[in-house]
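Visitor: Could you walk me through this model, please?
Guide: Gladly; let's look at it together.

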Amino acid sequence: MKPSSSGLTDQAPADPAATDDMLAGQPIGYWSNLVHETVTGHLRDAMARIDVTQPQYWVLNCVRHQPSAPGRDEVVTQLTPLANGPHDIARTVDQLLHRGWIRTDDTQRLHLTDAGEDARLRLRQLVTELRAVVHEGISDEEYVAALTVLRTMVANVRRAGLS
């Protein structure tokens with residue numbers, strides 16, 4: 001794709017078979033969505049095979065890594081932007097309470113149980129292995145550069161008032 005007379009690269013239709021010399025004109029929305037769907041699907045499929053969901057992993061990590069035991073509302077508020085809907089995280093907390101992976105104390109603060117910590121560690125190992133597959137052939141520097149570009153695109157759109 002060549003720059004237009006204005007010096008900007010023309011937008012081309014999404015093309016999964018685009019060669020490297022054509023990528024500058026490819027739509028970021030198509031490619032970022034494809035990455036999201038592919039990577040998330042791969043992760044969720046692997047977790048489903050061991051009867052766990054990605055939101056369950058998020059909640060386990062959130063409860064584990066807070067400076068002090070969080071309340072249900074704190075976990076829901078923190079994780080809902082990642083979820084598929086406004087009630088997913090609350091349901092996930094209920095699932096983990098039922099499963100015995102988290103518990104509440106007398107003040108309704110959430111804590112991991114030993115079984116929950118064991119599950120979190122197993123999931124962390126699984127996620128680490130899956131991440132290695134996704135990152136194969138990509139250096140940390142390339143990964144950081146890609147995320148930096150994506151973060152800049154988000155900032156550009158927000159600054160322009162488009163989002």
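Visitor: At what angle do helix 2 and helix 5 pack?
Guide: This is a predicted model, where local features need pLDDT of at least 70, side-chain atom pairs count only at pLDDT 80 or more, and totals for chains, interfaces and linings use all residues. Residues are numbered from 1 along each chain as its sequence is written, and side-chain values use heavy atoms, with hydrogens and water left out. Helices (H or I, at least four residues) are DSSP runs numbered from the N terminus. With axes 10 Å apart (lines fitted to C-alpha atoms over the stretch in contact, angles running from 0 to 180 degrees between N-to-C directions), helix 2 and helix 5 pack at about 115°.

Visitor: Which residues of helix 2 make the contact?
Guide: Contact means heavy atoms within 4.5 Å. On the helix 5 side, the partners include G116, A119 and L123. From helix 2 come Y57, L60, N61, R64 and H65.

Visitor: How many residues of helix 2 are buried?
Guide: Buried means under 20% relative accessible area (1.4 Å probe, protein chains only). The cover over these residues includes helix 1, helix 3, helix 4 and helix 5. Helix 2 is mostly covered, and the buried count is ten of its twelve residues.

Visitor: How far apart are the end C-alpha atoms of helix 2?
Guide: The expected span is 1.5 Å times one less than the number of residues, so twelve residues should span 16 Å. The model agrees, with the end C-alpha atoms of helix 2 at a separation of 16 Å.

Notes. Helices (H or I, at least four residues) and strands (E, at least two) are DSSP runs, numbered from the N terminus. Buried means under 20% relative accessible area, exposed over 50%, partly exposed in between (1.4 Å probe, protein chains only).
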